[in-house]
Amino acid sequence: MREYKMRRGEHLEERVPDMKAKIEDEFGPISGTEEYKGSDLYVVEDPENPVFERITAGTVEYSGKKDKLAVDFEERPAEEVIAAGEADAAADAVDAKNDFLLDCTGRDAKSRRDSMKRAVEDDADKPDNV
């Protein structure tokens with residue numbers, strides 16, 4: 001599961017007032033919910049794009065901090081997608097993921113990557129609690 005921050009000064013609930021509808025529009029009908037860090041995330045068991053096996057997404061609420069978007073894209077192996085003749089769907093899957101994340105967070109792929117790199121570097125600078 002990955003968590004994504006919003007752009008400075010923006011909040012997830014302002015960008016996506018109806019997360020359930022957003023997920024259904026992008027990926028298909030929601031089949032249930034799953035608990036993650038005390039928040040219920042939406043689960044799409046049979047996504048419209050054949051590249052995805054399952055998608056879990058939603059808002060993770062933190063007291064005293066801004067909410068974050070949590071997403072887990074489970075994908076079929078590339079060999080299986082190609083063998084099924086669905087290689088074109090792979091490009092659509094990448095676009096769907098990037099469009100969804102951009103709409104929700106206001107951050108493009110490059111800024112999300114840079115943010116994750118900084119988070120990893122910050123963790124590496126912290127001393128171990130031994």
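Helices α2 and α4 are roughly antiparallel to each other, a label given to angles over 145 degrees, with angles under 35 degrees counted as roughly parallel, 65 to 115 as roughly perpendicular and the rest as oblique. Their axes come within 10 Å and cross at roughly 160°; axes are lines fitted to C-alpha atoms, for helices over the stretch in contact, and angles run from 0 to 180 degrees between N-to-C directions. The model is predicted, so that local features need pLDDT of at least 70 and side-chain atom pairs count only at pLDDT 80 or more, while totals for chains, interfaces and linings use all residues. Residues are numbered from 1 along each chain as its sequence is written, and side-chain values use heavy atoms, with hydrogens and water left out.

Helices (H or I, at least four residues) and strands (E, at least two) are DSSP runs, numbered from the N terminus. Where α2 and α4 are in contact (heavy atoms within 4.5 Å), Met19, Lys22, Ile23, Glu26 and Phe27 of α2 meet Ala96, Phe100, Asp103 and Cys104 of α4.

Within α2, the residues Met19, Lys22, Ile23 and Phe27 are buried, that is, under 20% relative accessible area, against over 50% for exposed and in between for partly exposed (1.4 Å probe, protein chains only). Viewed down the axis of α2, these buried residues fall within an arc of 95°, so they line one face of the helix; the arc is that of the directions from the helix axis to the C-beta atoms. Their cover includes α1 (12-15), β3, β4, β5 and α4.

Strands of a sheet pair through backbone hydrogen bonds, either parallel or antiparallel. Here, five strands form an open sheet in the order β1-β5-β4-β3-β2, with antiparallel pairing; two strands pair if DSSP finds at least two bridges between them. At the edges are β1 (2-4) and β2 (32-36), each of which pairs on one side only. From one strand to the next, the twist averages 30°. Helix α2 (residues 19-27) packs on this sheet and touches β3, β4 and β5 (68-75), its direction making about 160° with that of β4. Helix α4 (residues 87-105) lies across β1, β4 and β5 and runs at about 175° to β5.

The antiparallel strands β2 and β3 are joined by five bridges, with Thr33 opposite Tyr42 in β3. They form a hairpin with two residues between them, and Lys37 in the turn has a positive phi of about 50°. Three bridges pair β3 (residues 39-44) with β4 (residues 52-60) in the antiparallel sense. Val43 stands opposite Thr56 in β4, and Val44 opposite Ile55.
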